[in-house]
Amino acid sequence: MKREDVLWAVASFLGGAALLAIGIYQHHWAPAPLFAIPLAITCLGVAVRRSRPLLALGLGVVAFAGDFAMGFSLGTVIVVTDNFYAAVRYGPRVLGRWMLGITSVFAVVAGVTAGILMREVEMAAVILVQCALVGTTPVITGMIIRQLEDQAAAERARAEQVVRLAELDRAAAVQAERARMARELHDMIANHFSAIAIQSTAVLSRTDLDGDTVRAVLGSIRENSLQGMTEMRSMIGLLRRDDEEAEAVRRRVAEAGELAERAREAGLEVRFQVDGEARELPAPVDLAGYRIIQESLTNVLKHGGKAADVVVGYRPGAVTLTVDNPLGDAGRRRPGTDTGTDAVMGAVMGAGAGIIGMRERVALVGGELDAGPYGDGWRVRALLPTEELA
């Protein structure tokens, strides 16, 4: 039993006893003190109303029958209504429907019976209303309160589900942003680091280079280092910005010629060609196209290529990017024969990260990517739509 229910039961008994003391009862044969017995029984039902609702209902029915047999006491009838209410609210859900039917039928039968016996329609109506107030009204009240509680519980559960879904969405957004940042960092650094690693390895492995050649290579290394740091600062600045104005610092396909020039400085023979009339591209396509060309030239440097053909084609509703690396048998790497530069770059950038990054970029803009052997070399070809994103 709960402490609050016990206190309420004691208060109910004291109130009922006070009503008996001032004579608010009708007796047929029993003296007034006997009316305290059904009152005590129904108050005991109040004490167990939440822990044992069916027991509370049974005690209330027994007390009401005993009180009615002796006459009528207002205190017992009032407390019985709480027994009925508690049984519906805290008992089995199906009990409410059964009690509503039973109490409604009982009120009608009692009213009709009283009207027939007393031959008064007014008395029949009074008895019917009184029985409905004692039996049907507490049942309906319990059903309404229980329905409201169920609705509140459902709303709480729904709110918790919304919170969990929001947390999952937030985690997915964070994961996607981390992947995007990793992809950007890889694409920005790989090109510059590859050139630096290859040029520095060449200088260290050659002893027949004159001073002018060494200075030229070191100048190219310095330029790639500065360019890489500049791009890193640009990205860090973007990450620190509160707004979304990235237009001024974003990379464009129109700047692919600079990528080709830097690759030439790194020792790669690049033949760059623009097919069609250059035009403004949507920001996602511009950045994706630039990074694809950058990563493709980086892969040519990393895997020992000597030449590359880069073609940027402007087509109606799309832009195509093609990077061919024509390798002879001597230029093909054999498994297990990575150079020191390749080993360094593989450790720094991670195996396969470049191709995966390119595929992810193309998928984000709804394009297509083919990367694999082509003729006597290797080809990367991307088709990026522009009309839907414009």
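This briefing describes helix packing, nonpolar cores and a few individual residues in the structure above. The model is a predicted one, and its protein chain contains eleven helices and seven strands. Of the 390 residues in the protein chain, 37% count as buried, and among contacts between residues at least 6 apart in sequence, 74% join residues at least 24 apart.

**Packing of α2 against α4**

- Helix α2, which covers residues 36–47, and helix α4, which covers residues 74–90, have axes that come within 9 Å of each other and cross at roughly 25°.
- Because angles under 35 degrees count as roughly parallel, α2 and α4 are roughly parallel to each other, and their crossing is left-handed.
- On the α2 side the contact is made by P38, L39, T42, C43, G45 and V46, while on the α4 side it is made by G75, T76, V79, V80, D82 and N83.
- Sorted by class, the residues of this contact between α2 and α4 comprise six nonpolar, five polar and one charged.

**Packing of α1 against α4**

- Helix α1, made up of residues 3–21, packs with α4 at an angle of about 155°, and the axes of the two helices are 8 Å apart.
- Because angles over 145 degrees count as roughly antiparallel, this is the description that applies to α1 and α4.
- The residues that meet are W8, S12, G16 and L19 from α1 and L74, G75, V79 and D82 from α4, and by class the contact has four nonpolar, three polar and one charged residues.

- T42, which is found in helix α2, is buried, with a relative accessible area of 0%.
- Leaving aside neighbours within four places in sequence, T42 is in contact with G60, A63, T76, V79, V80 and N83.
- G45 also lies in helix α2 and is likewise buried, its relative accessible area being 0%.
- When residues up to four places away in sequence are not counted, G45 touches A56, L59 and N83.
- G45 and A86 are separated by 41 residues in sequence, and their C-alpha atoms are 9.3 Å apart in space.

**Nonpolar cores**

- In soluble globular proteins, nonpolar side chains tend to be buried together.
- The largest nonpolar core in this model has 33 residues, and those with the most contacts inside it are L268, I293, L297, V319, L321 and L384.
- At least two residues of this core are supplied by each of α6 (121–205), α8 (256–265), α9 (283–302), β4 (307–315), β5 (318–326), α11 (353–364) and β7 (377–385), and the largest share, eight residues, comes from α9.
- V319, leaving aside neighbours within four places in sequence, is in contact with L281, V285, V312, G313, Y314, A382, L383, L384 and T386.
- Apart from this core lies another, of ten residues, among them A9, A30, F35 and V79.

**A loop residue with positive phi**

- R119 is placed in the loop between α5 (93–118) and α6, and its phi is near 55°, a positive value in a residue other than glycine.
- With a relative accessibility of 76%, R119 counts as exposed.

Note on methods. Residues are numbered from 1 along each chain as its sequence is written. This is a predicted model: local features need pLDDT of at least 70, side-chain atom pairs count only at pLDDT 80 or more; totals for chains, interfaces and linings use all residues. Side-chain values use heavy atoms; hydrogens and water are left out. Axes are lines fitted to C-alpha atoms, for helices over the stretch in contact, and angles run from 0 to 180 degrees between N-to-C directions. Helices (H or I, at least four residues) and strands (E, at least two) are DSSP runs, numbered from the N terminus. Angles under 35 degrees count as roughly parallel, over 145 as roughly antiparallel, 65 to 115 as roughly perpendicular and the rest as oblique. A crossing is left-handed if the near helix is turned anticlockwise from the far one by less than a right angle, and right-handed if clockwise. Contact means heavy atoms within 4.5 Å. Ala, Val, Leu, Ile, Met, Phe, Trp, Tyr, Cys and Pro count as nonpolar, Asp, Glu, Lys and Arg as charged, and the others, Gly among them, as polar. A nonpolar core is a set of buried Ala, Val, Leu, Ile, Met, Phe, Trp, Tyr and Cys residues joined through side-chain atoms within 4.5 Å. Buried means under 20% relative accessible area, exposed over 50%, partly exposed in between (1.4 Å probe, protein chains only).
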